[in-house]
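Subject: Structure handover

Hello,

Here is the structure for your files. My notes on it follow below.

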Amino acid sequence: MSMMIMTVTSFAQNQTVTPSTLWQMGRVGLCCTTADGNTALYSVTRYDVDANKGTTTLYTLNTTTGTTTAVTDGKISAQGVGFTPSGKIIYISEGQLWTVGTDGRSATKVSDVAGGISDAKISSDGSKIVFTADVKIKQTPSEIYPQYPKANVRIMDDLMYRHWNYWVGDAVSHVFFASFDGEKVTGTPVDIMEGELFESPLSPFGGMEQIAISPKSDKIAYTCKKKTGTAAATSTDSDIYVYDIATKKTIDITEGNKGYDTNPSWSADGRFIAFSSMDEDGYEADKNDIKLYEFANGKTYNL
């Protein structure tokens, strides 16, 4: 980190800072730390302007000595997920989960999920992987009209059909979980939103901060706006849903609130979920409150 600050200072002192010089710098992102705080996992994304491509490399930082180690080779982008109970790093590359030692050795592919994984979290006890993946829910134009296989069109008969700079397609992001034995993702991943037309996390800016697995790895909380059509486009009424892995049942713990509820986080004992919350539906700039849901009595407290 200090080396990058020195690089910025050097640019500022010795030459005019231009878009070209900025593109020469790596973009740093923090993933997570080990439970003891001794090791941090972070990423650096570097860009090749001529190739119009960025590549993300993962590094570990020894927080005591300041020593950094590259744990991926920088040839193919990697996305940090966390640490396994045995101390290995788990990350995503080319749509699948991998593990690697903190010294960058023994990289091993540990998943083979059809269609690939978008993002993931590992449970605190390491027994579960929660991940997001795109699920096809609509027919494409060529599937609707097979007599026109070369037609390059979009059919839009409903809102919401676009988010900022990209089209809403025939697939949405769903939340899955799978068992993990420390070496391999085992069993068939379970789509906890199977058959639903809705997405989690929420487009266009949501990530894994909108999804959380309980300390006992028995429940998954996720953010979702279960609305379609014009309501989905005009409403901000998202809710926090909790899926019970054993019973396969889902409850809405913020049903009474009409505004934007998101970013669930479990207490260490699993008794509470904290989340951010807005009160007014449709008001994107509403004040964000921190609220606490208590499972024992179903009460919500505004902190």
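**Pocket lining**

By class, 16 nonpolar, 15 polar and 2 charged residues line the second largest pocket. Here Ala, Val, Leu, Ile, Met, Phe, Trp, Tyr, Cys and Pro count as nonpolar, Asp, Glu, Lys and Arg as charged, and the others, Gly among them, as polar.

Some ground rules before the rest. This is a predicted model, in which local features need pLDDT of at least 70 and side-chain atom pairs count only at pLDDT 80 or more, while totals for chains, interfaces and linings use all residues. Residues are numbered from 1 along each chain as its sequence is written, and side-chain values use heavy atoms, with hydrogens and water left out.

Back to the pocket. Its volume is about 720 Å³. The lining has 33 residues, and the closest to the pocket centre are Cys 32, Val 81, Gly 82, Lys 121 and Ile 122. Strands S1 (27–33), S5 (79–83), S9 (119–122), S15 (211–213) and S19 (261–266) each supply at least two lining residues.

The terms work as follows. On a 1 Å grid over the protein atoms alone, a pocket is an open set of points with protein on both sides within 12 Å along at least five of seven lines; a cavity is a set where a 1.4 Å probe fits but cannot get out; lining residues have an atom within 4 Å of a point. Grid points are joined across faces, edges and corners, and the volume is the space filled by probe spheres set on the points. Helices (H or I, at least four residues) and strands (E, at least two) are DSSP runs, numbered from the N terminus.

**Rings**

The count is 9 aromatic pairs. Rings of Phe, Tyr and Trp (its six-membered ring) pair if their centres lie within 6.5 Å; planes under 30 degrees apart are stacked, over 60 edge-to-face, and the rest tilted.

Trp 23 and Tyr 47 pair edge-to-face, at 5.0 Å centre to centre and 75° between the planes. Trp 23 is in helix H2 (residues 19–23) and Tyr 47 in strand S2 (residues 39–48), so this pair ties together parts 24 residues apart in sequence. Trp 23 is partly exposed, at 38% relative accessible area. Tyr 47 is partly exposed at 36%. The classes are buried under 20%, exposed over 50% and partly exposed in between (1.4 Å probe, protein chains only).

Phe 131 and Phe 176 are stacked, with centres 5.2 Å apart and planes at 5°. Phe 131 lies in strand S10 (residues 128–136) and Phe 176 in strand S13 (residues 171–180), so the pair ties together parts 45 residues apart in sequence. Both Phe 131 and Phe 176 are buried. Ring pairs also link Trp 266, Tyr 293 and Phe 295 into a cluster.

Two charges sit over rings (NZ of Lys or CZ of Arg within 6 Å of the ring centre and within 35 degrees of the ring normal). Arg 162 lies over the face of Trp 167, 4.5 Å from the ring centre. Lys 226 has its charged end over Tyr 241, 4.1 Å from the ring centre.

**Salt bridges**

How many salt bridges does a search of the whole structure find? There are 10. Each is a side-chain nitrogen of Lys or Arg within 4 Å of a carboxyl oxygen of Asp or Glu.

Glu 183 and Lys 88 meet at 3.6 Å, N to O. Glu 183 is in the loop between S13 and S14, and Lys 88 in the loop between S5 and strand S6 (89–93), so the pair ties together parts 95 residues apart in sequence.

Asp 279 bridges to Lys 291, with the closest N and O atoms 3.1 Å apart. Asp 279 is partly exposed at 44%, whereas Lys 291 is buried at 10%.

Asp 289 and Lys 287 form a bridge at 2.3 Å between the closest N and O atoms. Asp 289 is buried at 11%, while Lys 287 is exposed at 56%. Asp 218, Lys 219 and Asp 244 are linked in a salt-bridge network.

**Backbone**

Most residues other than glycine have a negative phi, and most peptide bonds are trans. Cis peptide bonds join Leu 159 to Met 160, with omega about 10°, and Ser 203 to Pro 204, with omega about 5°. Ser 106 has a positive phi of about 65° and is exposed at 61%. Trp 164 has a positive phi of about 50° and is exposed at 69%.

Regards
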